[in-house]
Amino acid sequence: MAIHDILKMGDARLLRIAEPVTAFDTPELHTLIADMRETMVAVNGAGLAAPQIGVNLQVVIFGSTRINPRYPDRPLVPETVLINPIITPLNDEKAQDWEGCLSVPGLRGMVPRWTHIHYQGQDEKGNRIERTVDGFHARVVQHECDHLIGKLYPMRVVDFTQFGYTEVLFPELGAG
Ligand code: NI
């Protein structure tokens, strides 16, 4: 396993459309996911998408078994590997909440997301995943899957009076 550098906003590799995974349960895919998990844990990420470490594949991971110090007031989301995801909003309702991103360090912004979604995809072994979720879980999935279509959360911010430095907006969280 290896901790990778996380690409930062401005790097053109974050703007690509990721390719679908076609081979499951391979050593290469298992290594990619192990590296992503190690990298995410090392920096207290709530999630990570393969393009953030320069791998242009439709692979995201998210969730944790413990409360994240970067998002201490958020509920736990189950540890998940999601490959080739498809998100379907279940109605038109959206809500705004604060987001950060490992590729946009030191900043937070208020982002509208669908509140109720269904998502589907596969895990690293090719098993089908289907879930209906809401709230923070739904937000995390939308944020991570946006990385697979070249979207970073600042591109989704609508009110730039609610976009700024974490250390100013949330001094209790430090600069992360
Ligand atoms: Ni992100």
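How many nonpolar, polar and charged residues does the lining of the largest cavity have, by class? The lining has seven nonpolar, six polar and five charged residues, where Ala, Val, Leu, Ile, Met, Phe, Trp, Tyr, Cys and Pro count as nonpolar, Asp, Glu, Lys and Arg as charged, and the others, Gly among them, as polar.

The model is predicted: local features need pLDDT of at least 70 and side-chain atom pairs count only at pLDDT 80 or more, while totals for chains, interfaces and linings use all residues. Residues are numbered from 1 along each chain as its sequence is written, and side-chain values use heavy atoms, with hydrogens and water left out.

Three strands make up an open antiparallel sheet in the order 4-5-8; strands (E, at least two residues) and helices (H or I, at least four) are DSSP runs numbered from the N terminus, and two strands pair if DSSP finds at least two bridges between them. At the edges are strand 4 (94-99) and strand 8 (163-165), each of which pairs on one side only. Neighbouring strands of the sheet are turned by 25° against each other on average, direction ignored. Six bridges join strand 4 to strand 5 (residues 107-114) in the antiparallel sense, and Gln96 has Pro112 in strand 5 as its bridge partner.

Helix 2 (residues 135-146) lies across strand 4 and strand 5, at about 105° to strand 5. Contact means heavy atoms within 4.5 Å; axes are lines fitted to C-alpha atoms, for helices over the stretch in contact, and angles run from 0 to 180 degrees between N-to-C directions.

Helix 2 also gives the largest share of the lining of the largest cavity, five residues. A cavity is a set of points on a 1 Å grid over the protein atoms alone where a 1.4 Å probe fits but cannot get out, and lining residues have an atom within 4 Å of a point. The largest cavity has a volume of about 170 Å³, the volume being the space filled by probe spheres set on the points. Of its 18 lining residues, Ala46, Tyr71, Gly100, His143 and Glu144 lie nearest its centre.

Two asparagines have a backbone feature to check. Most residues other than glycine have a negative phi. Asn44, in the loop between helix 1 (27-42) and strand 1 (47-49), has a positive phi of about 55°. Asn84, in strand 3 (residues 80-89), has a positive phi near 50°. Asn44 is partly exposed because its relative accessibility is 26%, whereas Asn84, at 16%, counts as buried; buried means under 20% relative accessible area, exposed over 50%, and partly exposed in between (1.4 Å probe, protein chains only).

Note on methods
1 Å grid on protein atoms, 1.4 Å probe; cavity = no way out; pocket = protein on both sides within 12 Å on 5 of 7 lines; lining within 4 Å.
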